[in-house]
Amino acid sequence: MAKLPILMYHHVISGEGEGLTISVKNLEEQFKYLSENEFQSHHLADLMDLTDLPKGKNIVITFDDCYLSHKEIALPLLQKYNLKATFFAPLKFLGNKDGWNTGELPMLSVAQLKALDRETIELGFHSFQHLAYSELSAAQVEADTRRCIEFIEEHDLKFSPVLAYPYGKFPRKDPENKTFNKILAQNGIQYGLRVGNRINDFPFKNPYQIQRIDIKGEWSLSKFKRKIKFGKYL
């Protein structure tokens, strides 16, 4: 089976990065490496019609939370290096601040999402309220998911049927896991993304447990290279 690393980024800053925040310097260094080494980046929706990946090196780049820094810093770098990415939006907070984190970071508005270059950026769901699915009842998961669908219809937004779980949390044990997956499927969600930090086999074994590599702001380029090759094993 083909191997597919999926990268997970969050906030981007001009200064030094750490944890979930990466510096523009490190981000550009990583994107430059991917470009110069001929990685093909993909939108998740494009993978749904494939039974195998194109020959060569493949990668998916994702950004959680739709911070303003994604548009102002990440997007120009993606375009500079001819890379695609998925922006995952917690819809309740668009045009406001990150209510679950610092409460200070500005987020993209609906109008700004609509204006993004769609050749470069694919939009995906990051829940409505940015709550951990593992702490919600089935009825609450259903209500949150339905609110997401209603929101994009109300605002005429085009989203791919993909969902990144806030905090990487989801019900892991049956029967809760089966119920959770069923709710997503019934609402048209085809891919669900966790963290996990492993390299995926493609086609995906479980479309509701697709794993991502949690990129840390303090990583060196050499560590980044090892992680996208080996995942959590190094």
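Analyst: The structure holds 14 aromatic pairs, where rings of Phe, Tyr and Trp (its six-membered ring) count as a pair if their centres lie within 6.5 Å. Planes under 30 degrees apart are called stacked, those over 60 edge-to-face, and the rest tilted. One of the pairs joins Tyr 33 and Phe 39: the ring centres are 6.2 Å apart and the planes stand at 45 degrees, so this pair is tilted. Tyr 33 has 18% relative accessibility and therefore counts as buried; buried means under 20% relative accessible area, exposed means over 50%, and partly exposed lies in between, with a 1.4 Å probe and protein chains only. Phe 39, at 14% relative accessibility, is buried as well.

Another pair is formed by Tyr 133 and Tyr 165, whose ring centres are 5.9 Å apart and whose planes are at 90 degrees, so the arrangement is edge-to-face. Tyr 133 sits in the loop between strand E8 (121–125) and helix H5 (138–154), and Tyr 165 in the loop between strand E9 (162–164) and helix H6 (176–186), so the pair ties together parts that are 32 residues apart in sequence. Helices (H or I, at least four residues) and strands (E, at least two) are DSSP runs, numbered from the N terminus. Tyr 133 is buried, with a relative accessible area of 1%, and Tyr 165 is buried with a relative accessible area of 1%.

Aromatic residues also gather in a group: Tyr 9, Phe 31, Phe 63 and Phe 87 form one aromatic cluster.

Strand E2 (residues 6–9) pairs with strand E12 (210–214) in the parallel sense over two bridges, and two strands pair if DSSP finds at least two bridges between them. Leu 7 stands opposite Ile 213 in E12. Strand E10 (residues 191–196) also pairs with E12 in the parallel sense over two bridges, and there Gly 196 stands opposite Arg 212. E12 itself is mostly covered, with five of its five residues buried. Ile 210, Arg 212 and Asp 214 point one way from this strand, while Gln 211 and Ile 213 point the other way.

As for the basis of these values, this is a predicted model in which local features need pLDDT of at least 70 and side-chain atom pairs count only at pLDDT 80 or more, while totals for chains, interfaces and linings use all residues. Residues are numbered from 1 along each chain as its sequence is written, and side-chain values use heavy atoms, with hydrogens and water left out.
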